[in-house]
Amino acid sequence: MMRALYSGVSGLKTHQTKMDVIGNNIANVNTVAFKSSSTTFSEIMYQNMSGASGATATKGGVNAKQIGLGVTTGSTSVNITSPGATQTTGDGWDLKITGDSFFIVNNGSENLFTKAGSFYIDGAGNLATKANGYTVMGWQVDPTTGDIRKDTVSTLKIMTEENLTSPPEATTQATVSGVLDSKNVQVNSDGGYVMSLGFYDGLGYSYTAKFSVKMVDEDEQRYTVELTDVLDSTNHSVLNDYISADPANNTLDKVFGANTTVDRHFKLQSGFTYNADGTINDKNNITLTYNQATNKYENGTTSYSVTEIFGLTGDQVTNFNPANIQQQGQSAVYTHTDTITGYELDFFQGGAVAGKFNWVGAEGSNSVGLNLSSLGTQFENINVDFTQTTCYDNGANCTLDILKGNVDKTEGQGKKLGDLTGLQVREDGRIFGNYDNGNTVLLGQIAVAVFANPSGLEKLGDNCYRTTLNSGEFDGIGQDITADGGKMNSGVLEMSNVDLSTEFTEMITTQRGFQANSRIITTSDTLLEELINLKR
């Protein structure tokens, strides 16, 4: 009877232990990434009343007579591999980790492991846990390669001085696109059709290069592209500074190609006719003779400037030479040779490819060079691509435009100094900074730890675990979460994996077990009482 009493006591203690585990599970039903535990029972030991005997020729064998002495807690197991449900938070630093891996955190003295990914950036710029301020561990960016260096894990310090800004980049490419219409008023003017290119130098300062597209010969549809100025953000001409610094050596052609000689043809204006002897008749049929002294065609009191007769302006008037007039019936074409710092722009004028870009500067060339490095060491040369231009009738509207960057705008655009505007964590744990100059820069990567027996980890509280002899060791380096097919989801957290229906069922069976063991004690006590009463 005494054995039964103590068996009942062991049953009460063991069921109380199981109730303690159930209580802890239910208490943590809303704890982030909590992993529920379960209890298993084990027999304590047996007392042999008699040993087993083997069979003989005349008698069968007899089993041993054993009496059990109670129950004990065999184990408490953590259901660590069963994931909890997903809770959406909208906080980009709330991370849910999938698979059997763990976040690595450091409490100041050792690395610990957790499934709870509720993080934030602390005052020192470190990625840390919200609950207790443990720093999150991971890998740093190799400054040489710009990629992750998978070495011993260290604290992920995200908000460092160097991460707050992204360095500027000089513009190295530009693309001209759009339609050039030969009837456009600006294209046919002395100033030409103006295009402006905004670009950056290597220090992130912004500038504007101005270009002029001009008609050279309407009949032959010849055009030129000239560089007219380079202005800084205050509208000050750095091109003029460059030339003024050394007028003898600093010339415009060093910045935008060699000087190009082009012939411009000017038709005799309406109302005038040309005679074989070089004289010109006006609309009143008055014969006019060129006077070199006055640079006009005259007949007594009647005179006309070469601007009125051929539409010449500027140095075209100053350098007028009647020998350059070519008679075409009763009309004529005056040829003026210009020296410009620019390039000839050519289009196919007939056939199936009419209006398509042909070449710029020289046959076979698709681009021209803007040699800005001559203006200062902070500049880089810009290659200007003309392949996207066309020449069609567009209602006299010219839509030519020049933008920084290559044709598909993937490189060469240049950038100003960028300020950090946001951070993001991708599924592989890589942390990127987003900057207002368009840059996205890799800042580090969250590493994870994987164990041969994750259930063997020791629970420490604060949602953290420590390695034990039966869990497997942490190598100090960790691994990429994608190595075992896992990922990190941003803006969500893993909830507790406690199943209340299971816990309440276990609570019922535990309560009944406790009640039954208490009856063993009371019944054994009654038997002892009857034994004592035999003496009466």
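Cover here goes by contact, which means heavy atoms within 4.5 Å. Helices (H or I, at least four residues) and strands (E, at least two) are DSSP runs, numbered from the N terminus.

Before going on, a word on the model. It is a predicted one, where local features need pLDDT of at least 70 and side-chain atom pairs count only at pLDDT 80 or more, while totals for chains, interfaces and linings use all residues. Residues are numbered from 1 along each chain as its sequence is written, and side-chain values use heavy atoms, with hydrogens and water left out.

Back to α2. Buried means under 20% relative accessible area, exposed means over 50%, and partly exposed is in between, with a 1.4 Å probe and protein chains only. At the start of α2, a side-chain oxygen of Ser237 comes to within 2.9 Å of the backbone nitrogen of Asn240.

For background, most residues other than glycine have a negative phi. Asn235 is exposed, because its relative accessibility is 57%. Asn463 is another case, with a positive phi of about 65 degrees although it is not a glycine. Asn463 lies in the loop between β34 (458-461) and β35 (464-466), and at 26% relative accessibility it is partly exposed.

Now to strand β17, where Thr224 is found. Is Thr224 buried or exposed? At 2% relative accessibility, Thr224 counts as buried. Leaving aside neighbours within four places in sequence, its contacts include Ser212, Val213, Val262 and Tyr343. The side chain of Thr224 also makes a polar contact of 3.5 Å with that of Glu226. A polar contact is a pair of N or O atoms within 3.5 Å; within protein, one must be able to donate a hydrogen and the other to accept it, and residues adjacent in sequence count only if both atoms are side-chain atoms.

Val213 also turns up among the residues touched by Leu400, along with Val176, Tyr193 and Met195, not counting residues up to four places away in sequence. Leu400 is in the loop between β28 (382-390) and β29 (401-404), and at 5% relative accessibility it is buried. The C-alpha atoms of Leu400 and Glu110 are separated by 64 Å, and these two residues are 290 residues apart along the chain.

Next, charges. Side chains of opposite charge can pair when their charged atoms come close. A salt bridge is a side-chain nitrogen of Lys or Arg within 4 Å of a carboxyl oxygen of Asp or Glu. How many salt bridges are there by this rule? The count comes to 14.

One of them joins Lys35 and Glu494, at 2.5 Å from N to O. This pair links distant parts of the chain, 459 residues apart: Lys35 is in the loop between α1 and β1 (37-43), and Glu494 is in strand β37 (residues 492-494). Lys35 is buried, at 1%, and Glu494 is buried too, at 2%.

Another salt bridge joins Arg430 and Asp147, at 3.0 Å from N to O. Arg430 is in strand β31 (residues 430-435) and Asp147 in the loop between β11 and β12 (148-155), 283 residues apart. Asp147 is partly exposed, with a relative accessible area of 35%.

Then there is Lys130 with Asp94, at 3.5 Å from N to O. Lys130 lies in the loop between β10 (127-129) and β11 (135-141) and Asp94 in the loop between β5 (86-88) and β6 (95-97), so the pair ties together parts that are 36 residues apart in sequence. Lys130 is partly exposed at 39%, whereas Asp94 is buried at 3%.

Last, helix α1 (residues 2-27), which holds Val9. At 31% relative accessibility, Val9 counts as partly exposed.
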